[in-house]
Amino acid sequence: MLTMSACSPPEGQGAATTAPQASGSLNIACSQQEDFCQAITAAFSADTGIDATYVRLGSGEVLARLETTPGEFDVWSGGQAENHLIADDRGFIEPYVSPNASALAAEYNDADGVWSGFYTDSVGFCSNQAELDKLGIDAPTSWDDLLDPALKGTVSMPHPATAGVGYMAMFAVDTLNGGAEDETIDYFTQLNQNVLQYSKSAASGTELAGRGEVAVAISLDSDCVKAKEAGYSDLVTSYPEEGTGYEVGAVSVLKDARNAEGAKAYMDWILSTDAQNLYADVPSYAAPTLADAKQGSSVPDQDAVNKVEWNLQKAADSREALLARFESDVASQSSATE
Amino acid sequence: MLAVVLVALTLLLGLPVSKLLAAGTSPAGLEAIGASFTTDVTTLTNSLVLGVLVGIVGTMIGLVSAFAQVFLVFPGKRLLHWLTLLPLISPPFAAATAVITLFGRRGIVSYHLFGLELDIYGLGGLVLVVSMTFTPLAYMNIRGMLENLDPSLFEASAALGSSEVRTIFRVMLPMIVPSLLTSFLILFVEGIADLANPLVLGGSFRVLASQIYFAIAGSGDIAAAAGIALVLLVPALLVFVIQKYWAGKKSVVTVTGKPTGRIRPMESLAVRIPVLTVVTAWMALVILVFGTILVGGFVSILGVNNSFTFEHYEFVWRLGSDAMRTTLTMTLVAAPIAAALAVCIAWLVVRHFQRFGRVLDFVGMLGSAIPGTVLGLGFALAYSQPTWLFGQQILPALAGGLAAGAGSVAIVMVFIARGIPTGQQASISSLKQINPQVDEAAISLGANQFTTFVRISIPLISPAIITAVTYAITKSMTTITAIIFITTPQTKVMTAQILDEVDAGRFGNAFAYCTVLIVMVLIILSITSLLLRRLNRSKRTTAS
């Protein structure tokens, strides 16, 4: 077998082939649902004449790809802003402030120009009304309601490592606990008794709820509405009254982009009212971040949701520690189904 | 031939694995390894329990199906053959998703038909689904062996007054121990490496494969993932070594070159009734699951809103036609190469290098012993940058959007690496059945080694070659975890698209995708098996 040193390039030569170079096509790492990625990419190409292709990847997958293949993608579209901050901490992002960013509310822009937000939605409880009726309980309206013994083995939560909303739920509870990590872990250890399984992505949880396999799924409110409109008519959305987590879906230009101009053009475009008006037709049930963009009639009203104060930098910084404790203290405990 | 095989194995496995070892033995990797044996040892034991159960259940069903196929006459025999192979073509997630729809807490069969609240989340459901997915491998392997048995042995047993049941237990089973062990090995490894099913219906039953996935896809923590992967590698390799040792001792030569008769069907009811009962139940289950996949593509949401619709197929057509073309092309490139390498390795192992052959065999098997997620990661690590050897660039970057062929080269390489092991095992079992005197006879008649290989060995092991090609095709068309880190914007793969649909909770689209994929594989397999059979026949004619 070859030794490792024999496989490494001689000094100074390894980087040559990955140096930035001009490229006609724009490569997008897209962290939204497939149909949204497709529609938005096609609309971008039609509007700007820039040829563009995407790969749909979850945020964690994007982070891994940036490690293994730097320079592969020009722009990262979608995924929570805190994940873009993590990418920036690892040196993968080229700060860029789009001229269109000034039209956004302050909470949708990074102070240092690392990212801008182009959609938003919140963590909610996605319940199957028929199943709740069978159990004789109402839709949960607080985090503590989820601990109700009546829900034993019939809650679905997305795995916080792979699904952003799983971590959003953790960080929301952590924020409500004033950052006391032990209390947060204690809450999720209790919740573990009621959890059937930790789904890989948030949307598969809403599917389980829609089907009645579980009574309640912790999910994005937009995903819950999407599943309901797709035909799971028993679904209802509720929120924890004491406050919930929310997502700012972000876009950022990646470092060493081969098509940096295209990446910036994409960022300008997705932050334009014309582009955000498209969401209603995709349909995406996440809300556009521009106040004057068209809202779909079924999109959950984000202003009516009580949100916790979301410290993005802290959300990014705490992620690794909270996930590690989730793995070691929560998920490895035997749960209700055993 | 040896040189080609060595270079191929180094590129396909040596380089990615050494990169992985390096990552896995970094401090973070070692920490993850430590945790697997201390704080989180249940995950390791869960994986082992799942692997053993899948190995046993799958091998039993495979044995019964193969037995029925070779030794019984009954209506629906062709149907049984195709139905037994069907789960192999099932793309990941499809069977698990269908099983939830059928047997979940609100399943169509369990709840709506019988009013039961089954709990299929966890070990029970996993054993059912994973065994089902991989039973075809056992079936193909054991069937090849049964077909090669010398019928005169059965005649002798009958002439000496043994019943058919006694003949099965005293003559047949002992002779096919090698292929039973091989099946168990393959299924064990597939069982511990399977990612798709634990993600969909694992419940609280945690396994190493999904932990690796969470480590990478969640945190991008390559070192930890590689560490856990090394833990997973140990039992896989251990079972492999045990199997080699046992099977090596118990192998029996059955193809002697002397004339033999035809296998005569067994007629005793003591054999027919139990075998056909198991086979019927198995077929019913397969029909139910695949019927669900088929129907699920044509209704809005199966079990919730059963109105007929074409929208799923429209979606697949709109978003998937590109992926279909690419996947098909890459498969057609990879499958013949994988099969050829598998046969070459087997031939070198069995006929030429007794001692070194074990190492070769071992390395070839790594393609399936290494969990897909990890192999894919190894490829990403090894080939995202150009490959250097002693200061010379010998290869350009092969993986990722920046690479030659937009990353398709690396994907094809993964397909080949994943496609080799089963064909290799089948070819080795098959070659071991052939008495070396057959080769020696050819050589003493003036044939050189290459001619002997092409004219004698290959026709004799053609069932194994068909297994190799079949498996390489199906594996390429259905593999997901091994390529998830190296798909690129320009190279879309169908299974990755299906994963996205399951992820998004749009099971209808996923079912439609699966149906299209299954139909595509069936068409390719039919054409391949026709071609191979014709080839085989023409060789026999020239030989006679």
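Visitor: What pLDDT does chain A average?
Guide: This is a predicted model; local features need pLDDT of at least 70, side-chain atom pairs count only at pLDDT 80 or more, and totals for chains, interfaces and linings use all residues. pLDDT is the predictor's confidence in each residue, from 0 to 100. In chain A, 91% of the residues score at least 70. The average is 86.

Visitor: Where in chain A is confidence lowest?
Guide: Residues are numbered from 1 along each chain as its sequence is written. Helices (H or I, at least four residues) and strands (E, at least two) are DSSP runs, numbered from the N terminus. Strand S8 (residues 235-238) of chain A is highest, at 95. The lowest mean, 40, belongs to helix H1 (residues 4-7) of chain A.

Visitor: How many helices and strands does chain A have?
Guide: Both kinds of element occur in chain A. The count is 12 helices and 10 strands.

Visitor: Which share of the residues of chain A counts as buried?
Guide: Buried means under 20% relative accessible area, exposed over 50%, partly exposed in between (1.4 Å probe, protein chains only). Chain A has 338 residues. The buried share is 61%.

Visitor: What is the radius of gyration of chain A?
Guide: The radius is taken over C-alpha atoms; the globule rule is 2.2 Å times the number of residues to the power 0.38. With 338 residues, a compact globule would come near 20 Å. Chain A agrees with that, at 21 Å.

Visitor: What box do the C-alpha atoms of chain A fill?
Guide: The box is taken along the principal axes. Its dimensions are roughly 65 × 55 × 35 Å.

Methods:
Chains lettered and ligands numbered in written order. Heavy atoms only, no water.
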